[in-house]
Amino acid sequence: MADSHKVITCILPKGGGLPALQNLRAHFGIVNANINNARGVGRLTPLRHRGVGEQPEKEILTVIVAKERAEEVFEFIYHDAHIDRPHGGIIYMAALTQATQFTLPELPEED
């Protein structure tokens with residue numbers, strides 16, 4: 001899986017991860033994603049906001065996509081999650097070093 005996929009990581013303002021994930025599922029059928037929470041400040045954050053307790057919450061969206069679709073998905077996230085706007089976040093893509101694919105078994109329909 002590692003050679004055929006890329007990992008896209010986005011650091012978004014709080015509340016930006018779930019809508020981005022929902023749009024990825026709707027447009028691309030992507031369900032290989034994870035959202036984590038974090039705190040931090042940007043390099044250009046004013047000094048008055050850099051103190052302890054003044055660090056805004058962030059969401060980290062991590063998505064695994066097939067190498068062939070990586071550029072298309074990257075561009076979609078960039079615009080859809082508003083990373084293209086000031087203070088919209090950061091996005092980057094890297095080679096996938098290791099991952100394990102989990103699939104759920106097919107279950108019979110319940111009556």
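## Ground rules

Residues are counted from 1 along each chain as its sequence is written, and side-chain values rest on heavy atoms, with hydrogens and water left out. Because the model is predicted, local features need pLDDT of at least 70 and side-chain atom pairs count only at pLDDT 80 or more, while totals for chains, interfaces and linings use all residues.

## Helix α2 and its buried face

Let's start with α2, which spans residues 70–80 and has A70, V73, F76 and I77 as its buried residues. Down the helix axis, these buried residues fall within an arc of 130°, so they line one face of α2. Here buried means under 20% relative accessible area, with exposed over 50% and partly exposed in between (1.4 Å probe, protein chains only). The arc is taken from the directions that run from the helix axis to the C-beta atoms. Helices (H or I, at least four residues) and strands (E, at least two) are DSSP runs, numbered from the N terminus.

The cover over these buried residues includes β1 (5–13), α1 (17–28), β3 (57–66) and β4 (90–95). After α2 comes H82, which has a positive phi, near 65°.

## V73, a buried residue of α2

V73 sits in helix α2 and is buried, at 1% relative accessible area. Leaving aside neighbours within four places in sequence, V73 is in contact (heavy atoms within 4.5 Å) with I8, L24, F28, I30 and V65. Its C-alpha atom is separated by 9.4 Å from that of V63, 10 residues apart along the chain.

## The aromatic pair

Searching the whole structure turns up one aromatic pair. F28 and F76 form it, edge-to-face, at 5.1 Å centre to centre with 80° between the planes. The pair links distant parts of the chain, as F28 belongs to helix α1 and F76 to helix α2, 48 residues apart. For Phe, Tyr and Trp (its six-membered ring), rings pair if their centres lie within 6.5 Å; planes under 30 degrees apart are stacked, over 60 edge-to-face, and the rest tilted.

Both partners are buried: F28 has a relative accessible area of 15%, and F76 has 19% relative accessibility.

## H5 in strand β1

H5 is found in strand β1 and counts as buried at 18% relative accessibility. Setting aside neighbours within four places in sequence, H5 is in contact with I64, V65, A66, K67 and L96.

The H5 side chain also makes a polar contact with the side chain of S4, at 2.8 Å. Such a contact is a pair of N or O atoms within 3.5 Å; within protein, one must be able to donate a hydrogen and the other to accept it, and residues adjacent in sequence count only if both atoms are side-chain atoms.
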